[in-house]
Amino acid sequence: MADLNKDKDVYTHDLIGERLCLDFANTVSWHDSKQSQEWLTSYEKLVNWCLHADILKKQQSLLLLKKAEERPSEAKKVLQQAIELRESIFQIFSSISNEKRPTSKDLSILNSALVNAYKMMRIVPEENKFSLDFLNREETLDGMLPPIVQSTVNILISEKELSRVKKCEGDPCGWLFLDTSRNRSRRWCSMADCGNRAKARRFYHNKK
Ligand SMILES: [Zn+2]
């Protein structure tokens, strides 16, 4: 039986990207190094991360995990697809943070995911307007991907946001974030993590 509590470690993962797609890109530790560490090692971990990131509700997560148990090979494929999409998002925004153009290969992976995402989009009536949402995320095993794609598109089509995509200066951290600080001064994924390490290194060098 699917158990959401099995993956408590997922909940210790920081969401520091300021945008969903950047947090998703950060589901690898030391993303820029050969010793990088994959977090999404199973479909279950993917679902749990999406619950943690608020893409899925608890009920939707349980339904997806149940479906994945019935269709393990399809679930495995979705996990591969999610990781491929994540790596493209990572490469696209890494390039942009480096003032380079993303490769057409990465853009085409994103574009394929976009076609699927649009298929799930619905106009939902609200009180005085309509909103755009992705319905029935629990219906297909890849139902959590469209909101991530939408978040990616939202940054790409916004000049203002695009110019604020940065990569943590802690080498080889590789984590991405949107610098929402007023004077665009953010340099680290987190001050407690890479920020502190840099400070300690500076201290050591000064002493030398
Ligand atoms: Zn960092």
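Colleague: Where is Thr152 placed?

Modeller: Thr152 sits in helix H6, which spans residues 145–156. Do keep in mind that this is a predicted model.

Colleague: What makes Thr152 count as buried?

Modeller: Buried means under 20% relative accessible area. Thr152 has 0% relative accessibility, so it counts as buried.

Colleague: Which residues is Thr152 in contact with, leaving aside its neighbours within four places in sequence?

Modeller: Thr152 is in contact with Cys21, Ile89, Phe93 and Leu110. Contact here means heavy atoms within 4.5 Å.

Colleague: How many residues does the largest nonpolar core have, and which element gives the most to it?

Modeller: The core has 52 residues, and H4 gives the most, with ten residues. Helix H4 covers residues 72–97. Among the other elements that give two or more residues are helix H1 (20–25), helix H5 (104–119) and H8.

Colleague: Why is H2 called largely enclosed?

Modeller: Ten of the ten residues of H2 are buried, so the helix is largely enclosed by the rest of the structure. The buried residues include Tyr43, Leu46 and Trp49, and also Glu44, Lys45 and His52. What covers them includes H1, H3 and H4.

Colleague: What follows H2, and what is its phi?

Modeller: Asp54 follows H2, and its phi is positive, near 70°. Asp54 is a residue other than glycine, and it lies in the loop between H2 and H3.

Colleague: Is Asp54 buried or exposed?

Modeller: Exposed means over 50% relative accessible area. Asp54 has 57%, so it is exposed. Glu99 is another non-glycine residue with a positive phi, about 55°. Glu99 lies in the loop between H4 and H5, and it is exposed because its relative accessible area is 77%.

Colleague: What makes Lys34 exposed?

Modeller: Its relative accessible area is 85%, and the cut-off for exposed is over 50%. Lys34 is in the loop between strand E1 (28–29) and strand E2 (37–38). Lys34 and Ser190 are 156 residues apart along the chain, with their C-alpha atoms separated by 21 Å.

Colleague: Now for the metal. Which residues coordinate the zinc ion?

Modeller: The zinc ion is coordinated through the SG atoms of Cys168, Cys173, Cys189 and Cys194, at 2.3 to 2.4 Å. A donor has to be within 2.8 Å of this metal, and those distances of 2.3 to 2.4 Å meet that limit. Along the chain, the donors follow the spacing C-x4-C-x15-C-x4-C.

Colleague: Which distant parts of the chain does the pair Cys173 and Cys194 link?

Modeller: Cys173 is in the loop between strand E5 (165–167) and strand E6 (176–178), while Cys194 is in helix H8 (residues 191–207), and the two are 21 residues apart.

Colleague: Why is the arrangement around the zinc ion called tetrahedral?

Modeller: Four donors count as tetrahedral if all angles lie between 85 and 135 degrees. The angles around the zinc ion are 104 to 114°, so the arrangement is tetrahedral. For comparison, the ideal angle for four tetrahedral donors is 109.5 degrees.

Colleague: How do you know that Cys173, Cys189 and Cys194 are buried?

Modeller: The same cut-off of under 20% applies. Cys173 has a relative accessible area of 5%, Cys189 is at 6% and Cys194 is at 3%, so each counts as buried.

Colleague: Which peptide bond is cis, with omega near 0°?

Modeller: That is the bond from Asp171 to Pro172. Pro172 is in the loop between E5 and E6, where Cys173 is also found.

Note on methods. Residues are numbered from 1 along each chain as its sequence is written. This is a predicted model: local features need pLDDT of at least 70, side-chain atom pairs count only at pLDDT 80 or more; totals for chains, interfaces and linings use all residues. Side-chain values use heavy atoms; hydrogens and water are left out. Donors are N, O and S atoms within 2.8 Å of the metal (3.2 Å for Na, K and Ca); water is not among the atoms, so sites may look incomplete. Four donors count as tetrahedral if all angles lie between 85 and 135 degrees; four count as square planar and six as octahedral if opposite donors are over 155 degrees apart and all others between 65 and 115; anything else is irregular. Helices (H or I, at least four residues) and strands (E, at least two) are DSSP runs, numbered from the N terminus. Buried means under 20% relative accessible area, exposed over 50%, partly exposed in between (1.4 Å probe, protein chains only). A nonpolar core is a set of buried Ala, Val, Leu, Ile, Met, Phe, Trp, Tyr and Cys residues joined through side-chain atoms within 4.5 Å.
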